[in-house]
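Here is a short briefing on one protein model.

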Amino acid sequence: MLSAFLYNFATMEHLRTTFPLAILAGICISIGCVVNLRVGGVAGAVLFAFGLTTVVYYGLKLYTGTAGFIRRHGDWGMLAWVLAGNIVGCWLFALLIGYAQPDCIAPASAILDGRISKGPLACFLLAIGCGFIMTTAVEFARKGKMLPLLLGVPVFILCGFAHSIADAFYFLVSPTSQLLQPMVLAIYVSEVLGNFVGCNLYRWVAPQQD
């Protein structure tokens with residue numbers, strides 16, 4: 001399995017095809033993050049859905065929209081490229097927003113503070129809920145039913161669940177001194193893992209549907 005992962009990650013095909021789509025997906029999610037930071041509340045959570053609907057419409061590669069559909073065909077390296085591309089997209093947009101709209105830095109920093117205060121375990125558990133919602137919403141969208149997609153995003157935000165790609169943007173737009181705290185990496189890894197668990201929860205509980 002490890003050799004398959006390394007081969008799949010190293011192939012240039014994913015660098016040429018998957019990685020650019022993942023970068024764009026990270027940018028789309030970042031746009032949703034910006035409107036959520038600037039508007040906040042229920043309205044901000046609802047408007048955030050624009051990011052995910054754009055990802056689905058254009059067929060972009062998002063970690064939480066991909067992790068729940070990984071089969072046993074050596075796709076693990078591809079998922080790693082998706083995550084890396086999403087983070088790069090968030091980083092690029094964070095650079096832009098940090099310069100052009102610095103008023104977003106303070107609310108993003110508050111989100112990061114909240115994650116730090118909770119710690120890795122709580123963030124892992126909160127990320128499971130988000131992953132479950134996201135895979136459910138994308139499953140409906142693949143069948144042409146967009147309402148669960150539009151509802152799923154505000155639901156996970158208002159529940160306080162952790163989305164690893166949205167948090168990549170929030171963390172990266174926060175002050176560097178805050179971002180470089182050792183705890184932040186542990187929290188982010190816990191969110192990535194929690195999202196993966198949530199994205200695959202239904203498949204593991206009802207394996208006959210896999």
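Predicted model: local features only at pLDDT ≥ 70, side-chain atom pairs only at ≥ 80, totals over all residues.

**Helix H4**
- Buried residues of H4 include Gly44, Ala45, Phe48, Ala49 and Gly51.
- Leu52, Thr53, Thr54 and Val55 of H4 are buried as well.
- These buried residues pack against helix H3 (18-39), H8, helix H9 (147-159) and H10.

**Helix H8**
- Helix H8 covers residues 120-142, which is 23 residues.
- At 1.5 Å a residue H8 should span 33 Å, and its end C-alpha atoms lie 32 Å apart, so the values agree.
- Gly144 follows H8, with a positive phi near 80°.

**Phe169 in H10**
- Phe169 sits in helix H10 (residues 164-173).
- Phe169 counts as buried because its relative accessibility is 0%, and the cut-off for buried is under 20%.
- Leaving aside residues up to four places away in sequence, Phe169 touches Ser30, Cys33, Val34, Leu37, Cys90, Phe93, Ala94 and Ile97.
- Leu92 is 77 residues from Phe169 in sequence, yet their C-alpha atoms are 9.1 Å apart.

**Surface patch**
- A nonpolar patch on the surface is formed by Phe132, Leu201, Tyr202 and Val205.
- Together these residues have about 400 Å² of accessible area.
- Helix H12 (residues 182-205) gives the most to the patch, with three residues.
- Tyr202 lies in H12.

Terms used. Residues numbered from 1 in each chain as written. Heavy atoms only, no water. Patch = residues over 30% accessible without salt bridge, like charges linked within 9 Å, V, L, I, M, F, W, Y side chains within 5 Å. Areas by Shrake-Rupley, 256 points an atom, 1.4 Å probe, with all protein chains shown as cover. Salt bridge = Lys/Arg side-chain N within 4 Å of Asp/Glu carboxyl O. Helix = DSSP H or I, 4+ residues; strand = E, 2+ residues; numbered from the N terminus. Expected span 1.5 Å × (residues − 1). Buried < 20%, exposed > 50% of the residue type's maximum accessible area, 1.4 Å probe, protein only. Contact = heavy atoms within 4.5 Å.
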